[in-house]
Amino acid sequence: MKAIVIEPVCPLMSRPQLQCERADEVLAGMVVELLEEVRPGWYLARAPYRYEGYLRAEHVLTGDHLVRRWTERPKQVVLKGICDVLSGPAVACFPLATLTRGAILSPVGTPNADGWLRVELPDGREGYTKCSFLGEYYEKPRFEDPEQLRKAVVETALTYQGAHYRWGGKTPMGIDCSGLVSMSYLLNGVVIYRDANIKEGFPVHEIPRADMKPGDLLFFPGHVAMYLGEGKYLHSTAKNGSDGVVINSLNPTDPDYRADLDQGMTAVGTVF
């Protein structure tokens with residue numbers, strides 16, 4: 001059974017309970033597959049990028065006709081870190097919802113002269129947000145040219161810089177290492193595995209370290225980063241003093257060099 005995520009940030013838990021490890025987060029507007037109702041009010045669900053976890057029934061909207069309608073609606077994705085959807089086209093209007101980067105909305109009509117766009121929320125309510133907060137929703141790779149796609153993925157990843165580390169997180173409100181790289185690709189129309197390893201059936205494959213280019217992924221035990229070029233990489237780390245999305249270096253002479261990661265790298269992966 002398909003369902004629409006209506007919670008701005010819906011936790012996918014590792015077990016069907018709140019007091020346990022957060023496995024992932026699915027965002028408003030995503031359509032998930034409910035695999036099994038494992039206990040009252042809890043479903044085992046599969047995200048559109050094929051990751052599984054447990055979510056609360058109140059965070060999704062079911063009904064074949066509702067899901068079909070939402071699936072067929074035009075889509076735009078939130079690119080602003082935090083985006084209010086307001087009751088009217090003015091900043092003083094009441095906020096109906098506060099969404100994060102990666103949430104999906106449906107545009108209604110075209111922006112007015114002041115840039116306000118009427119949008120439909122996943123639960124069917126309508127409100128307004130600035131069209132500059134939204135971007136194209138990609139279900140296929142944004143660019144066919146590898147260099148353009150690499151550049152776009154890196155630029156997307158850099159927009160999360162400064163977000164604090166959150167285990168299982170995927171938004172500017174808090175994000176973990178694999179959430180950072182998987183969202184950077186997902187927002188550009190490429191689905192990679194959500195965890196910090198190379199998994200069969202997904203497009204990331206191993207390459208020699210000497211061949212790495214911007215946008216490629218650096219793997220460590222239980223950790224993943226995105227290579228930026230010139231020896232630099234971006235990652236979300238819980239290391240004291242960083243505590244979030246930062247840039248570090250593979251060059252031992254740089255002040256932001258981390259020997260533990262440089263010497264502990266297990267693989268380099270790419271989708272190209």
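Student: Ala, Val, Leu, Ile, Met, Phe, Trp, Tyr, Cys and Pro count as nonpolar, Asp, Glu, Lys and Arg as charged, and the others, Gly among them, as polar. With that, what classes make up the lining of the second largest cavity?

Tutor: There are 5 nonpolar, 1 polar and 2 charged residues. Keep in mind that this is a predicted model, where local features need pLDDT of at least 70 and side-chain atom pairs pLDDT 80 or more, while totals for chains, interfaces and linings use all residues. Residues are numbered from 1 along each chain as its sequence is written, and side-chain values use heavy atoms, without hydrogens or water.

Student: Which residues line that second largest cavity?

Tutor: Tyr49, Lys170, Ser182, Leu186, Val190, Val191, Ile192 and Arg194. A cavity here is a set of points on a 1 Å grid over the protein atoms alone where a 1.4 Å probe fits but cannot get out, and lining residues have an atom within 4 Å of a point.

Student: And how many cavities of 30 Å³ or more are there?

Tutor: The count is 2.

Student: What lies nearest the centre of the largest one?

Tutor: Tyr193, Asp195, Asn197, Leu217 and Phe219, out of 13 lining residues. α3 (177-186) and β18 (217-220) are the elements giving two or more residues to that lining. Helices (H or I, at least four residues) and strands (E, at least two) are DSSP runs, numbered from the N terminus.

Student: OK, switching to the sheet. What's the strand order?

Tutor: β17-β22-β18-β19-β20-β21, an open sheet of 6 strands with antiparallel pairing. β17 (205-207) and β21 (244-249) are the edges with a single partner strand each, so one side of each has no neighbour in the sheet. Neighbouring strands are turned by 35° on average, direction ignored. Strands pair if DSSP finds at least two bridges between them.

Student: Which strands does α3 lie across?

Tutor: β18, β19, β20 and β21, at about 50° to β19. Contact means heavy atoms within 4.5 Å; axes are lines fitted to C-alpha atoms, for helices over the stretch in contact, and angles run from 0 to 180 degrees between N-to-C directions.

Student: Last one: is β2 mostly covered or uncovered?

Tutor: Mostly covered, with 4 of its 5 residues (9-13) buried, meaning under 20% relative accessible area with a 1.4 Å probe, protein chains only.

Terms used
On a 1 Å grid over the protein atoms alone, a cavity is a set of points where a 1.4 Å probe fits but cannot get out, and a pocket is an open set with protein on both sides within 12 Å along at least five of seven lines; lining residues have an atom within 4 Å of a point. Grid points are joined across faces, edges and corners, and a volume is the space filled by probe spheres set on the points. Buried means under 20% relative accessible area, exposed over 50%, partly exposed in between (1.4 Å probe, protein chains only).
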